[in-house]
Amino acid sequence: MSDLQTILREPRYDLVKTPTPFQRLSGFERKLGRPCLYMKRDDLMEIGLGGNKLRSLEFWLGAALRERADIVLVAGGATSNLCRLTAAAATMAGLDCVIIHNAEDSPANRERSFLNRLFGAETRFIGPVGEDERGAATTAAAEELNRQGRTPYIVGDAVLGALGYVLAAFELHEQSQREAAPLRHVFLAGSMGPTEAGFIFGNAMLGHPFQVHLVSVEYEQAELEARIRRIYDGIAERTGLAIGGLDEAPLHYHMAHLGGGWGVPTPESEAAILAFARTEGILVEHVYTAKTCAGFLDFVASNAIPRDEPACILHTGGTASLFAQREQFRTVN
């Protein structure tokens, strides 16, 4: 069995038509006077306005169906991409869906979570609590469903979900090899960890063709690195693949765009949103993609990445949340 077949033996529910587009950023190439700039468009998927969580949901729903679940539970904020895409994917798989929102049950949050109910999910608001309390509420809801005779599955196993981006690394590498100058640098948002750890693990399986750049949008470097390490090591344990540890990976952490933390815009992130909209016609949002785009533009504009080394940013989606972020803009109304 090949290393890739080890990943593919996990049950999956087909959600993503691959490959997603590998787009040349011609406008920025002209604007910055340098060649070979790209974006991997994981925002362009056919389900629920797309996004990185669909790659993870293929594995999560695969596990849920293997366990004969009839209902899935997922937790997140009112504008959570994971929640929206779980609601969409669950209805396709014939599963009911309960969403636990750690937010107030207010008219504004009802509006922000409207798409979840449009997809048929039940939404429950438990107030603005932290991750631990939200997790406990989700577990309690699953236990109650069990007592009612249902078979629930809680979406979110980080190691299992990360396998989607192990495959994405192979996909991007294959796309890159068709270019005259194969890709050298890949920029991702540094956040909860499954997307990042999965991509880094896939890159290791390929022999490290990419320098991976993580632009933190949520955590300080020590916490971000610890999260990614736990998931990376978990993938190795689950798959049994001996491909080297995280410390051997060509991995770069960039903290300059973290600002006030998760969901707090910076002048640079707003400028990046405007630059991508007005240069390439591409929409990015405040929480994840804007700060990552700002870091990407900083590096390529300053020639911190050599001009002859092609670079790509991975667009992880989240476009739907942009419609709830108008008041966060300082220069556009």
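This report walks through a predicted model of one protein chain, from its overall build to single residues.

## Overall build

The protein chain holds twelve helices and ten strands. Its C-alpha atoms fill a box of roughly 60 × 55 × 35 Å along the principal axes. How does the radius of gyration fit a compact globule? For 333 residues, such a globule would have a value near 20 Å, and the protein chain has 19 Å, so the two agree.

Buried residues account for 57% of the 333 residues. Contacts also reach across the sequence. Take those between residues at least 6 apart: 76% of them join residues at least 24 apart.

Strand 3 covers residues 71-76, and six of its six residues are buried. Both of its faces are covered. One side carries I71, L73 and A75.

Strand 3 pairs with strand 4 in the parallel sense, over six bridges. In this pairing, I71 stands opposite D96 of strand 4. Strand 4 (residues 96-101) also runs parallel to strand 5, and four bridges join them. Here H101 stands opposite F125 of strand 5.

Which face of strand 5 is covered, and which is uncovered? In this strand, residues 122-125, the covered face has T123 and F125. The uncovered face has E122 and R124.

## Where two helices cross

Two packed helices are described by the angle between their axes and the distance between the axes. Helix 8 spans residues 158-177, and helix 10 spans residues 221-239. Their axes come within 9 Å and cross at roughly 85°. An angle from 65 to 115 degrees counts as roughly perpendicular. Helix 8 and helix 10 are therefore roughly perpendicular to each other.

Which residues make the contact? Helix 8 supplies A158, V159, L160, A162, L163 and V166. Helix 10 supplies I231, G234, I235, R238 and T239. By type, the residues of this contact divide into eight nonpolar, two polar and one charged.

## A buried asparagine

N81 lies in helix 4, which covers residues 81-92. Is N81 buried or exposed? Its relative accessibility is 10%, and buried means under 20%. N81 therefore counts as buried.

What does N81 touch, beyond its neighbours within four places in sequence? Its contacts are Y288, G318 and S321.

## Backbone details in the loops

Three loops hold backbone features to look for. Start with the loop between helix 1 (3-8) and strand 1 (22-24), where P19 is found. A cis peptide bond joins T18 and P19, with omega about 0°.

Next comes L49, in the loop between strand 2 (37-41) and helix 3 (53-66). L49 is not a glycine, and its phi is positive, near 75°. With 48% relative accessibility, L49 counts as partly exposed.

Then find R68, in the loop between helix 3 and strand 3. R68 is also a residue other than glycine with a positive phi, near 60°. Its relative accessibility is 72%, so R68 counts as exposed.

Conventions. Residues numbered from 1 in each chain as written. Predicted model: local features only at pLDDT ≥ 70, side-chain atom pairs only at ≥ 80, totals over all residues. Heavy atoms only, no water. Axes fitted to C-alpha atoms, helices over the stretch in contact; angles between N-to-C directions. Helix = DSSP H or I, 4+ residues; strand = E, 2+ residues; numbered from the N terminus. Parallel < 35°, antiparallel > 145°, perpendicular 65-115°, else oblique. Contact = heavy atoms within 4.5 Å. Nonpolar A, V, L, I, M, F, W, Y, C, P; charged D, E, K, R; others polar. Buried < 20%, exposed > 50% of the residue type's maximum accessible area, 1.4 Å probe, protein only. Pairing = 2+ DSSP bridges. Rg over C-alpha atoms; globule rule 2.2 N^0.38 Å.
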